[in-house]
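Thanks, everyone. I'll keep this short. Please bring up the sequence and the structure.

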Amino acid sequence: MDDPGDNTRLVGRSPARERLHRATELVIETVIRVCGVSAVIFVFGIFYFVFREAAPLLFGGLDLGQLLTSSAWYPDSSNPRYGAFALIAGTLSVTLLAMLIAVPLGLGAAVFVSEFCTGRTKEILKIVIELLAAIPSVVWGFIGLVILNPVIIDLFDTPVGLNILNGAILLALMSVPIMVSIGEDALKAVPDAYREAAEAMGATRWQVTWRVLLPAARNGLLAAVLLGVGRAVGETMAVLMATGHSVNVPDSPLDSVRTITATIAAELGETAQGSNHYRVLFVLGSLLFLITFLVNLTADLVIRGVKKR
Amino acid sequence: MVVKHAKIAFRDLRVRYGDKTALEDVSLEVAPNEILGIIGPAGSGKTSLLRVLNRTLEQTAGAKVTGDVRIDGEDVYRMRDVSRLRRRIGMVAPLPVGLPMSIYDNVAFAPRMAGVTDRKRLEVIVERCLRQAALWDEVEQRLGDLGTKLSGGQQQRLTIARALSHSPEILCLDEFSIAIDPVTTMRIEEVLKELRKHMTILLVTNLVQQARRLADRTAFLLLGELVEVGPTEEVFGRTPRDRRTFEYVHGHFG
Ligand SMILES: Nc1ncnc2c1ncn2[C@@H]1O[C@H](COP(=O)(O)OP(=O)(O)O)[C@@H](O)[C@H]1O
Ligand SMILES: [Mg+2]
């Protein structure tokens with residue numbers, strides 16, 4: 001490497017090779033740029049196609065007030081009414097309860113795996129959690145139907161066990177693996193020097209976790225939670241099977257509901273393309289898009305606010 | 001040389017990482033309120049020695065400690081409450097690590113962990129430690145800023161303030177001047193001369209002249225072997241007991 005002959009050869013590279021070198025550089029740069037831009041294009045593309053199907057109804061007679069505030073969902077009747085309030089309430093209630101269960105569970109498991117486990121236990125736990133993430137959602141729905149359903153009926157003495165609680169438990173179990181794996185990455189990224197410094201000052205492992213690690217990893221942990229929320233809001237199959245499929249504004253976790261996603265999945269196949277019913281489902285799709293967008297935006301603002309402090 | 005009423009006593013200490021020996025048969029005593037300089041080239045086991053004392057070494061996978069370590073005659077490895085032990089020892093690492101919290105919280109961290117909640121008392125502790133570490137004047141107006149935003153030299157003094165915040169009996173400094181400028185180093189050296197009135201100091205240093213300036217006695221470690229320990233003027237004089245010591249401290253090391 002220190003051979004001076006080598007050096008001169010590098011410096012005195014022939015013009016032709018120099019040009020080739022520049023060209024390769026340019027190609028690589030362009031490819032990377034195209035990849036980045038196309039990700040943005042895809043997102044907008046998806047939104048465009050969903051919105052395009054929804055637009056004729058949205059701007060041609062749909063009563064937005066009714067859509068957002070009424071629970072009368074009679075899309076098939078001769079005098080159709082499109083009140084999606086119950087569906088929105090169903091989605092939000094299932095998601096909210098799912099997060100109430102999943103966030104402590106997921107973050108707790110992330111902390112446990114990252115800070116309190118070593119060696120084989122850690123490896124085995126990580127594999128099991130990854131396995132959990134690989135279970136298809138229709139299987140979760142099945143678990144909701146045949147296992148959780150009777151358990152809930154027994155435990156709470158209700159006539160049906162297909163309800164918010166059932167769906168929320170399933171969604172929680174589905175989003176926990178994401179939270180654990182992202183959360184664990186976030187904790188792993190906290191420099192060991194912090195742990196050592198805090199421990200050298202006599203902090204116990206719990207104190208280190210609470211006072212140093214969680215604050216230091218909060219951005220990553222927040223990301224973990226939000227990805228979990230994203231999964232829960234968008235999940236279809238499991239909630240379709242486990243929440244009872246009844247259009248209803250709930251007032252208890254034991255009420256059956258129907259979510260936006262479940263409605264789209266169940267009804268889209270039976271509508272004629274271009275009909276009002278078909279279009280209103282795309283309006284719901286746009287709404288779902290808007291909700292996830294708002295969740296992400298909030299997350300972004302929160303993270304930025306945290307960073308500024 | 002045997003110290004009467006040793007503050008710290010290592011006897012037949014051996015440290016292994018897997019099958020690699022980092023310290024072999026080290027026996028060493030430190031008197032109360034003395035500054036013991038510990039010198040030796042990189043990889044000699046200086047850091048390992050300090051980590052044995054506050055028992056952070058046992059968290060390293062594969063690390064194994066045998067022998068006897070005592071503080072005030074009490075066996076360190078029989079102590080139940082490791083946190084309590086660590087609060088008796090202040091530790092300053094080679095590279096400063098400002099915890100990702102405010103300057104104030106950095107210094108208040110250890111007292112809070114130890115259960116101090118009174119605001120006034122915490123404020124008193126924070127100011128005392130920052131003054132002792134010769135940092136107070138520079139940060140008095142910005143105690144709420146992130147500790148990680150200070151310059152390298154300031155962060156190192158912050159870690160010293162932190163190490164003092166739980167009023168330790170023993171202060172361990174591990175090559176503290178590696179990341180800071182000579183002027184700041186001199187200021188901290190003055191601080192250490194003051195601090196020794198209240199505590200026992202283990203000064204691991206890569207600058208042999210620093211040991212010469214500050215230490216009462218100096219220990220020379222080489223590849224895990226304690227080559228020599230004695231009064232500093234003797235170790236640095238014309239006739240240390242071991243020829244290797246002479247070569248190392250006078251820079252003829254090959
Ligand atoms: N975590 C570790 N794992 C394996 N070997 C280590 C570890 N820490 C230190 N060692 C080895 O132990 C020896 C002593 O290291 P150390 O105590 O850091 O010496 P010093 O502080 O004098 O440079 C070195 O050979 C080093 O490679
Ligand atoms: Mg070292």
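One thing first. This is a predicted model.

Let's start inside. The largest nonpolar core has 48 residues. Which residues have the most contacts inside it? They are A:Leu62, A:Leu67, A:Trp73, A:Leu171, A:Ile260, A:Val280 and A:Leu284. Several helices of chain A give two or more residues to this core, including α2 (15–58), α4 (85–116) and α13 (276–308). The largest share comes from α7(A), with ten residues.

Take A:Leu62 as an example. Set aside its neighbours within four places in sequence. A:Leu62 is then in contact with A:Leu57, A:Leu67, A:Tyr82, A:Val280 and A:Val283.

Now the domains. In chain A, domain 1 runs over 15–61 and domain 2 over 84–308. Their C-alpha centres are 30 Å apart. Eleven residues of domain 1 and nine residues of domain 2 take part in the contact. Together the two domains of chain A bury about 890 Å². Of that, 77% is on carbon and sulfur atoms. How many salt bridges are counted between domain 1 and domain 2 of chain A? The count is one. Polar contact between these domains comes to two residue pairs.

While we are in chain A, look at helix α8, residues 192–200. Its buried residues are A:Tyr194, A:Arg195, A:Ala197, A:Ala198, A:Glu199 and A:Ala200. Just after α8(A) comes A:Gly202, with a positive phi of about 90°.

Next, two loop residues. A:Thr271 sits in the loop between α12 and α13 of chain A. Is A:Thr271 buried or exposed? Its relative accessible area is 13%, so A:Thr271 is buried. A polar atom of its side chain lies 3.0 Å from the backbone oxygen of A:Leu268. Beyond four places in sequence, A:Thr271 is in contact with A:His277, A:Tyr278 and A:Leu281.

Over to chain B. B:Leu150 is in the loop between α5 (136–139) and α6 (152–164). B:Leu150 has 5% relative accessibility, so it counts as buried. Leaving out neighbours within four places, its contacts are B:Ile103, B:Val139, B:Arg142, B:Gln155 and B:Leu158.

Last, charges. Side chains of opposite charge can pair when their charged atoms come close. Over all chains, the structure holds 35 salt bridges. In chain A, A:Glu267 and A:Arg258 form one, at 2.7 Å from N to O. Both A:Glu267 and A:Arg258 are buried.

In chain B, B:Asp72 pairs with B:Lys7 in a salt bridge, with the closest N and O atoms 3.0 Å apart. This pair links distant parts of the chain, 65 residues apart. B:Asp72 is in the loop between β4 (63–71) and β5 (74–75), and B:Lys7 is in the segment before β1 (8–17). B:Asp72 counts as partly exposed, at 46% relative accessibility. B:Lys7 counts as buried, at 10%.

B:Arg112 and B:Asp105 also form a salt bridge, with closest N and O atoms 3.0 Å apart. B:Arg112 is partly exposed at 29%, and B:Asp105 is partly exposed at 25%. Finally, a network: salt bridges with shared partners join B:Lys7, B:Asp72, B:Glu74, B:Arg88 and B:Glu169.

Key: Residues numbered from 1 in each chain as written. Chains lettered and ligands numbered in written order. Predicted model: local features only at pLDDT ≥ 70, side-chain atom pairs only at ≥ 80, totals over all residues. Heavy atoms only, no water. Core = buried A, V, L, I, M, F, W, Y, C linked by side-chain atoms within 4.5 Å. Buried < 20%, exposed > 50% of the residue type's maximum accessible area, 1.4 Å probe, protein only. Helix = DSSP H or I, 4+ residues; strand = E, 2+ residues; numbered from the N terminus. Contact = heavy atoms within 4.5 Å. Domains from an automatic or database assignment. Buried area = accessible area lost by both parts, 1.4 Å probe. Salt bridge = Lys/Arg side-chain N within 4 Å of Asp/Glu carboxyl O. Polar contact = N/O pair within 3.5 Å; in protein donor to acceptor, adjacent residues only side chain to side chain.
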